[in-house]
Amino acid sequence: MAAQSRDQVVQVEYLDVLTRTGEKTGVSKPRGDVHRDGDYHRAVHVWIFAESTQELLLQLRAECKDSWPGHWDISSAGHISAGDSSLVTARRELQEELGITLPKDAFEQLYIFLEEWVTNEGKFINNEYCDVYLVTTIDPIPLEAFTLQESEVSAVKYVHFKEYRSLLAKKDPQYVPYDVNGQYCQLFEILSKRYKQNAETRATILQKQLNRYAPISLGAEYSGLSSEDKEVLALVVKAARIMDDIFFIQVWYSNPSLRDWLQLHAKESRLNNLKQMYFAVNKSPWSSLDENEAFLTTADSAVKLLPEATKPVIGWKGIEYRTAFPIVKPPGASFYPPDMDKMEFELWKKSLPEDKQKEAIGFFNVIKRQKYSALLTKASDLLHKAGDLTSCSSLKKLLHSKADAFLSNEYYDSDIAWMELDSKLDITIGPYETYEDALFGCKATFEAFVGVRDDEATGQLKLFGDHLQVLERNLPMDDIYKSEDVTAAPIRVVQLIYNAGDVKGPQTIAFNLPNDERIVNERGTSMVMLKNVSEAKFKLILLPISHVCIVEEQRKYVDFDSFFTHTICHECCHGIGPHSITLPSGQKSTVRMELQDVHSAMEEAKADIVGLWALRFLVNKNLLPKTLLKSMYVSFLAGCFRSIRFGLEEAHGKGQALQFNYLFEKGAFLLQPDGSFSVEFNKVEDAVESLSREILTIQGRGDKCAAEALLSKYCVLTQPLKSVLEKLSLIEVPVDILPHFPVADEVFGKEL
């Protein structure tokens, strides 16, 4: 923190003491004591970079500084005081030292590095974790615009980043030394890579990434809809589109400005068009199919003008900067302060009263309330209008209760109304999935699915709901973990006509809701199957995959009926198995709460593998035809390769990698000499039951350590999987579908 002026009372600055690995200890000490004792602590480094000249701003440290006086150094830097956050500190240091006031979206966190050195004859020991930020301006800031804090900074100047790197490499005595061959070289590597790649190369890469999605038009037969239904549909689709706007904010706070900027400039070049198209697929600058690797950088982002960020300079309009986003996708999205880690969250949560602790980990709360209340109000108005129009009582109840929930943040009644929906129009809208919250898996994102119910297909699926309790009683796990009051999950088969919100990248083929444990315990869940999405994926993806990856004599077993039947059973199996549990200590909890960030992957793996077990159980009870067995196993094997291509950062991909590697290890899946795979029918049933038992038991115990160990062992890209993925990339089988919804054109016009 910058020193205070001499006419102020000098206050002792306290720093949080960290462990050697950078975690908070809960202890804070005066800054002088921290450097005397060599305690690990945190600081920020803020670099200002002028894009047009490729120059970094350097400051000359004041002669009164206790380390490196009179040396050229980082644009701005300072300790993170006890209890303060990294980003708040970065903004404050820039304002105090240089007189620049910037909003949080100007700061891009590049990386964290550990700085360890000793100076002043051993009296000053610096063991510092540094959060390195970059502020990208379009042009250099005029030197006369800065207001320098005399006790900290003597002067500033701009130097080309390559020249600065050379000065450090030569160990020029005028500059604070940094090891350009060590961790700090990342700064120069990032800048070099960011501005070196030519447009044609980038366009080729983006086109290849985009080609992994097969475009398809998805709609439904509207003949069963009345004119009233169509009016309701138009209003609901408009409300659903607002879920996109909210989701963009939830992913990252500068995401909406990036979206708008890309749309504005999409027609300027082929590269800009591809940037916008691939962003629209992922709804963020991070690629869902590449383990959330960034395909854009801050250099591609929106430009904003701040006329009053510094003191005025005649003839200069002010700072133009790029809105920033981090290279690494933030694990907490926008649900938590951007620099909050798990340890900090836990310390903060423990400081709250018990009732507030529950709120902190609630589905529908964010740690700092986001500014989407206006959007929810707009969506609420549209749903109320739709509710007034419809004559279907269950749809009317859903629309009005969901509209109320958007304003009250109380979703219990609207989720019950969703479960009781009996309407030709099938509507799911609201905050449900928690995949974006990679810190704790607690916070829900907004999404919407609008469809037309397939009455014939829905009627054929009653079997699964009727036998849910029987499946629960016979699950391969100890009886202590079984529930005596599982409620049959209603199943609705729907032809999807529009989706929005958290439906980025790979498209879901079914969902099982709600996730609210109160409702799951009281009434179970309901399932929606998106049949036309399943058919599109089977035709465009699974069949081509089977021709490459499945041994020739077993390809005949890959069929849509078995693929769709397992999908149904997968969703049913989300409703059975452990949910609310009793820990060994006797404390009541839930599987989600105990497994936290690994819950999603374990739950997806459970639903998949227990789904196979359940189908075999129903076949053995003569409730399904025996001809299903071989088809379901071979279709499942082909489906593993489809899902793993989503990447091992995504919950479904993690779950599939776990299952494939486990079954392969047990000899249930075999690698053939020609590189194809087959199912060993004599071993697959036992292997499926064994893995089902292991996952269910881990969930029943709430054993996060065991879950992490299982995922660590099996959720890896093994050589057999690498070989398959390479083969599929060579023949360019699509990874997923990219739906276009004609109803959107009808409602919004051709601007979509």
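1. The count comes to three cavities of 30 Å³ or more, where a cavity is a set of points, on a 1 Å grid over the protein atoms alone, in which a 1.4 Å probe fits but cannot get out. The model is a predicted one, in which local features need pLDDT of at least 70 and side-chain atom pairs count only at pLDDT 80 or more, while totals for chains, interfaces and linings use all residues. Residues are numbered from 1 along each chain as its sequence is written, and side-chain values use heavy atoms, with hydrogens and water left out.

2. The largest cavity has a volume of about 330 Å³, a volume being the space filled by probe spheres set on the points. Its lining consists of 28 residues (those with an atom within 4 Å of a point), and the closest to its centre are Arg 61, Ser 67, Ala 77, His 79 and Glu 128.

3. Among the elements that give two or more residues to this lining are α1 (31-37), β3 (40-50) and α2 (86-98), whereas β6 gives the most, with four residues; helices (H or I, at least four residues) and strands (E, at least two) are DSSP runs numbered from the N terminus.

4. Elsewhere, the axes of helix α18 (residues 531-549) and helix α26 (residues 719-731) come within 10 Å and cross at roughly 120°.

5. The contact between them (heavy atoms within 4.5 Å) is made by Ile 545, Val 548 and Cys 549 of α18 together with Val 724, Lys 727, Leu 728 and Ile 731 of α26.

Key: 1 Å grid on protein atoms, 1.4 Å probe; cavity = no way out; pocket = protein on both sides within 12 Å on 5 of 7 lines; lining within 4 Å. Axes fitted to C-alpha atoms, helices over the stretch in contact; angles between N-to-C directions.
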